[in-house]
Amino acid sequence: MPECTGCCRCSGVCIAVRLGGADLGPVHLRQRIFACAGCWRCLRACPEGVDVYSESMRTRRERELPESYRRALENIRATGIALPVRELNALREMHGLPPVRLPAKAVLRALTSE
Ligand code: SF4
Ligand code: SF4
C-alpha cells in the first residue's frame, strides 16, 4: 500500500485547492472533496502512487451533502438551473438584462429522471 510522505505535490496541481486558495497536502484535498472536479491530476502528480482521488470519493460518499449543494440540487429538480431563478432574474432585471429562460418541461423531466 503506497504511503503519503506529505510532499504536497497533489495539492499543488489540484483545481479544487486552487479555487479555495493556497493549501498544503492531501489532508486539505480531503476537506475539499465536494469541490473535486475529477481531473485526476493528483494521481499523476503523486510520486508515491497514492490514490488521493479514490480516497476523496470514498469520503464523499460517507459524508452528508453540504447545504449549498443540496439547495443547488433542489433548484435543478425544480427549474433545471442550479441557481435560484427568482433571485437571479431580479438581479438581471436590475442590470437591464432579460430573464433567464427555463428549460422546456421535457428537458427538465429528462434531467431529473432517475
Ligand atoms: S481529482 Fe479532485 S482532488 Fe485530484 S487534483 Fe483533480 S480536483 Fe483535485
Ligand atoms: S498524496 Fe502523494 S503527492 Fe500528495 S502529499 Fe502525499 S505523497 Fe505527496
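A residue is counted as near a molecule or strand when its C-beta atom, placed from the backbone, lies within 6 Å of it. By that rule, 15 residues surround ligand 1, and the closest are Cys14, Cys36, Cys39, Arg41 and Cys42. Helix H2 (15–20), helix H4 (41–45) and helix H5 (52–62) are the elements that give two or more residues to this shell. Helices (H or I, at least four residues) and strands (E, at least two) are DSSP runs, numbered from the N terminus. H5 provides the largest share of the shell around ligand 1, with 3 residues. By class, this shell holds 12 nonpolar residues, 2 polar and 1 charged. Here Ala, Val, Leu, Ile, Met, Phe, Trp, Tyr, Cys and Pro count as nonpolar, Asp, Glu, Lys and Arg as charged, and the others, Gly among them, as polar.

The structure is a predicted model, in which local features need pLDDT of at least 70 and side-chain atom pairs count only at pLDDT 80 or more, while totals for chains, interfaces and linings use all residues. Residues are numbered from 1 along each chain as its sequence is written, and chains are lettered from A and ligands numbered from 1 in the order in which they are written. The predictor's confidence in each residue is its pLDDT, on a scale from 0 to 100. The chain has a mean pLDDT of 82, and 89% of its residues reach 70 or more. Confidence is lowest in H3, at a mean of 59, and highest in H7, at 92.

In total, 14 residues surround ligand 2, and Cys4, Cys7, Cys10, Cys46 and Val50 are the closest. The shell around ligand 2 divides into 9 nonpolar, 3 polar and 2 charged residues.Taken as a whole, the chain has 8 helices and 0 strands. Of its 114 residues, 12% are buried. A residue is buried if 20 or more other C-beta atoms lie within 10 Å of its own, exposed if 12 or fewer, and partly exposed in between, with C-beta atoms placed from the backbone. Two residues are in contact if their C-beta atoms, placed from the backbone, lie within 7 Å. Among contacts between residues at least 6 apart in sequence, 40% join residues at least 24 apart.

The largest nonpolar core has 10 residues: Cys10, Cys14, Ala16, Val17, Cys36, Cys42, Cys46, Val50, Val52 and Tyr53. H2 and H5 are the elements that give two or more residues to this core. A nonpolar core is a set of buried Ala, Val, Leu, Ile, Met, Phe, Trp, Tyr and Cys residues joined through C-beta atoms within 7 Å.

H5 can be followed residue by residue. Its buried residues are Val52, Tyr53 and Ser56. Seen down the axis of H5, these buried residues fall within an arc of 95 degrees, so they line one face of the helix. The arc is that of the directions from the helix axis to the C-beta atoms. An α-helix has 3.6 residues a turn, so residues three or four places apart point the same way. On the other side of H5, Ser54, Arg58, Arg61 and Glu62 are exposed.

Asp51 is placed in the loop between H4 and H5. Asp51 counts as partly exposed because it has 15 C-beta neighbours inside 10 Å. The C-alpha atoms of Asp51 and Pro2 are separated by 8.4 Å, although the two residues are 49 apart along the chain.

Two residues other than glycine take a positive phi. One of them, Cys8, has a phi near 75 degrees and is found in the segment before H1. Cys8 has 19 other C-beta atoms within 10 Å, so it is partly exposed. Trp40 has a phi near 65 degrees and belongs to the loop between H3 and H4. With 13 C-beta neighbours inside 10 Å, Trp40 also counts as partly exposed.

The last stop is helix H7 (residues 85–94). Of its 10 residues, the number buried is 0, so H7 lies largely in the open. Arg92 is found in this helix, and it is partly exposed because 14 other C-beta atoms lie within 10 Å. Leaving aside neighbours within four places in sequence, Arg92 is in contact with Leu97, Pro98, Pro99 and Val100. Just after H7, Gly96 takes a positive phi of about 75 degrees.
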